[in-house]
Structure formats: structure tokens, C-alpha cells
Amino acid sequence: MMLKNYAPTHTHAWQKLEAHYKAVQPKHLSELFAEDAQRFEKLSLQFEDMLFDLSKNRVTEVTLDLLVSLAQEMELPAAIESLFSGEKINATENRAVLHTALRSFAGDALEVEEEDALKEVRDVQQQMRTFCNKLHSGDWKGYTGKPITSVVNIGIGGSHLGPQMVAEALKSYQKEGIEVYFISNVDGTDAAEVLKKLDPETTLFIIASKTFTTKETIANAETARDWFLKAARDKEHVKKHFVALSTNTKAVAEFGIAPENTFRFWDWVGGRFSLWSAIGLSIASAIGYDKFEEMLRGAEAMDKHFRQTELRRNVPVLMGLLSIWYTNFFGCQTHAILPYDQYLRLLPEFLQQLLMESNGKTATRDGSKVTYQTQPVIWGAAGTNSQHSFFQLIHQGTFIIPCDFIAPVNSNNPIGQHHTMLLSNFFAQTEALMKGKTEEEVRAEFAAKGNMSQEEIDALVPHKVFEGNRPSTSIMFHQLNPYTLGALLAMYEHKTFVQGIIWNIYSFDQWGVELGKQLAGKIEEELLDENAPSNHDSSTSGLMAYYKKHRK
């Protein structure tokens, strides 16, 4: 099935949503709750031990019904089947999109390019398991015979953000005796600060680059190799301290990595969807392969839910449709991710790439210009820290900012009353955003204190009124563990897909990333050549000249 090439604004459901928006927009969330005592029960969803409370969103059941009608008109169910069946829905690169195959434990075959994709995935997974068993048993020895105690992932983008986020999120499951580090930025400071913590005799580097030509990654890999060889001296020792996640076996061998230490992945795995593949080797190194597999199984459970559940009760579908509602009808331009769990502090950064690199597009599938808003800006930080930085803007600023609040019921570190305090803030913030505080409530508070003049009260009241009516979705689960994290991340992946289908754009390419790379390569050559002519605009030429004049 070819994905539908049809602007959502031309659908009957869109026209109905525009009329419906005019009726819903003036209503306050407090009013909606007052009208329906069963609002929470009607507008919350359960997936295994995860709760998705949509009731504090500016929607009614009619809103969700109309959004589902929009999804049906845009042929979302057929698109979902195309995703799972291996059709080449990444049309601009002529590729299938099969990150779901990386966490499929079904016994079926799945043919892609005349090969059984599932068999290939399992072969690589067995290779990863063998690697992890050797690493964690101490059987993988360095060039002096000492076991490896430090693993360093060198990648960028999808080869870095996902693995680092997951390794941090599952730190309470970390294997004893192994520390995992990450280097990604081409800024030499990133590598320098990590390398100074390491011992070359007990360090193993994972070089994550599909093509093994990504300039930032190869620059960092070569720096790591030079650092290692200052101690090891013999290039043959590289084979004991470097492994590669790549398809370019020739370049990997030229670097000095043994073929048996090269882990394959495929063109049908996009970088930002790749943590489930060999790109997750650093994750498995940190938590062990069995825990890594638990994460895959959690993602698989969400995949099945996404594929099999009716749209109206489908968590990723409704999460994606809510984003359409706020972006295209309320005109919201940002969306905040607010995890109330320190282990999930890197989740907003990971979701920035997942959502914005996927759906930050201005061309429809047929190449015409998009005439409606697409992906909003994703941002956020962990609570409660974020409450003391940007929550003022969310509560009283001039923008409506939909928020995802995420929290575990139980802490992995139950210390004193910390988790009770944390969750009291979690619940309070969503309630405060929803209800706000009226002028009458503010004046009543001042009157109860009885220590201010009427003039002083009148001056302060406008500053202490909160409009409320600020939307949020609350996501809760019993405890943060590999299975639950896998399900949560898969949910956001599928939400991304849903948005792309409704917006009639391709979510799985990223041509905007390429332009900067092309220009950077040209400019790098000019910076290395003092006499290179400058054919840039006056600003770029002036900045380059300033750099050349003052560099040491």
C-alpha cells in the first residue's frame, strides 16, 4: 500500500474539527471536569501497568472521536500495517522502516530485500549476547591480560542519544565492575574529559557508525585510538580494545578492528530508531543482555498494542492525535516533556531528536509545500528541578504549552520521604495548570490573612491570578525498569509515526541534516588552507577571517 498523499486539511473530519474547536476553545478545563464526574475514567487509558491520563487535556469525548475520524480518513490503520509489513514507506530513500523487527520475538519470517530480516536480527542479537557474556564474566581481556572495566560508546545523533539516555535511565540495573561512558561531540573537550578518567589497559571502545564515515564519530574514534596506542604501542592490540557497529566492513578493517568484532545493522533501521539494534550494545554492556532483552520485550508489547488496538483506545494513536489538535487548531508551537524521575533526565533530549528530526518537514509526500504547521519544538527537563526554572512560563506565560508529566509510582531509590515529596509536586503541578487560581480566590486568601490594606491587595491581585486551563497528559507506571522503559519509548516512536501520517509527510528521512554537513566539509578545507578564497556571504567570511586571525 502506498501511503496516502492527501492533505489533512482537505478531509471532512478536519472541517468538523475546525467547527468543534470554536465550541471547545472557550471552555475552561475546570468547567469540563465539573460537567462530568466520570471524566477521568472516560479519558484515561491503561496499558499493562502504565496509566495514560488524558483528562487534563482541552478535549471532550467528541474531540477524540473527531480526531479518530481524521486518522481513519488519512488511512492510518493501513499505514500501520505498511510499517510492520516491511513496505518501503521511507520513499525518499527507497527503504523499509523496520525498527519494530528488532524487538519482535515472533517465529514468523519477514522478507526484506530477499533476506529474512528476523533471522538476521536474531543472528546479531546472539552475537551481542556472546559479547556481553564475555565482557561481564571477565573473559574479555585487554592487551595486558586485565579484564575490561570501562566501555566507551563513540557515536553521534541516533548512535549516541538513545544509548546514553537508556544507560542513564537504567543505571540502577547497571552491572557491577563495568562503567559505561559516551563521547559524541566533535568538540575535543568531550573526548578529553572522558579519556582522562580511563585506563587504556582496561578500556574497550564501541565505534557506532553505520557507514563508518561520519566525520565527527571517526574523528573521535581516531583520537581514542591514538590515546590507546600511546600506551599499547602495537596496532594489533586495537583488536582487543575496539569493536564496531557498522555496515562498512572494509573501513572497519582498515581502522584495525577485527571482522568478528563488527556488529551489523541495516538500512531499514533509522538512526533515531536504532537503540534496539546493535547500536544498543553500550546499553547491553551497562545492564547485561538479559535486561536489554527485557527492554525489547516491553517495546514489542507496545508494538502489538499499537498494531492491534482500535484507534479510539490506542495509546500512541491518541497521543499523536492530541499533538495534531494542539499544533494545528490551538496553534501551539512547543511541547514540554517533564519526567519526575532523575533517571529519565535525558529523555527530553532524546525525544527532541526522535520527534523534531522525524517531523520537522515543510514538504508533503508529493513534494508540494506544507500549508499547515507540523512538528512543534520539544523541550523539557526533570522535575522538580524544572519547577524552579521554566514552570513560571508554563503557568503564567502567554503561550499554551502542552506538557507530558511522567512518573513512577515506586522509586528505585526509596529514601525517606523523597518520593512522596516528588509525587506531591507531580500531582500538584498538573492540578495547578488545570485549575489555576481566580481573582476571587486570591482576594479571599488576602482577606483571610487580614494584614494588608485594600490598596495593597488591589496592586498584588493581578500578579497572583493564574488563568489555568493549561493542558497536560500524565503518564504513570509502577516502577522504572527495562520492560516499562521499552514500552514508553516505543509509544513515543509510534506517536511520531502517527503525526507524520496525519501531516502527510515522510517521518523517516532527515535531509535537513545533510545540508549543514556538506557546507561544513567545504569550510573545513578552507580553514586549513590559509590562502583559500572565501566565496561566502559577508557574515560567514567575516567570522572565518576572525577565527583565522586569532587562532593559536
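Trainee: What should I know about the model before reading values from it, and how are residues numbered?
Mentor: This is a predicted model, where local features need pLDDT of at least 70, side-chain atom pairs count only at pLDDT 80 or more, and totals for chains, interfaces and linings use all residues. Side-chain values use heavy atoms, without hydrogens and water, and residues are numbered along each chain as its sequence is written, from 1.

Trainee: How many helices and strands does the chain have?
Mentor: Helices (H or I, at least four residues) and strands (E, at least two) are DSSP runs, numbered from the N terminus. The secondary structure comes to 22 helices and 13 strands.

Trainee: What radius of gyration does the chain have, against that of a compact globule?
Mentor: The radius is taken over C-alpha atoms, and the globule rule is 2.2 Å times the number of residues to the power 0.38. For 552 residues that rule gives a value near 24 Å, which agrees with the chain's 26 Å. The C-alpha atoms fill a box of roughly 80 × 60 × 60 Å along the principal axes. So the radius of gyration of the chain is 26 Å.

Trainee: What percentage of the chain is buried?
Mentor: Buried means under 20% relative accessible area, exposed over 50%, and partly exposed in between (1.4 Å probe, protein chains only). Of the 552 residues, the buried share is 53%.

Trainee: Which helix gives the largest share of the lining of the largest cavity?
Mentor: On a 1 Å grid over the protein atoms alone, a cavity is a set of points where a 1.4 Å probe fits but cannot get out; lining residues have an atom within 4 Å of a point. Four residues, the largest share, come from α14.

Trainee: Which helix gives the most to the lining of the largest pocket?
Mentor: A pocket is an open set of grid points with protein on both sides within 12 Å along at least five of seven lines. The largest pocket holds about 1,300 Å³, and among the residues closest to its centre are Ile156, Glu514 and Lys517. Its lining divides into 19 nonpolar, 16 polar and 12 charged residues. With 10 residues, the top contributor is α21.

Trainee: Which helix gives the most to the lining of the second largest pocket?
Mentor: This pocket has a volume of about 450 Å³ and is lined by 18 residues, with His418 and His419 among those nearest its centre. Five residues come from the top contributor, helix α17.

Technical notes
Points joined across faces, edges and corners; volume = space filled by probe spheres on them. Nonpolar A, V, L, I, M, F, W, Y, C, P; charged D, E, K, R; others polar.
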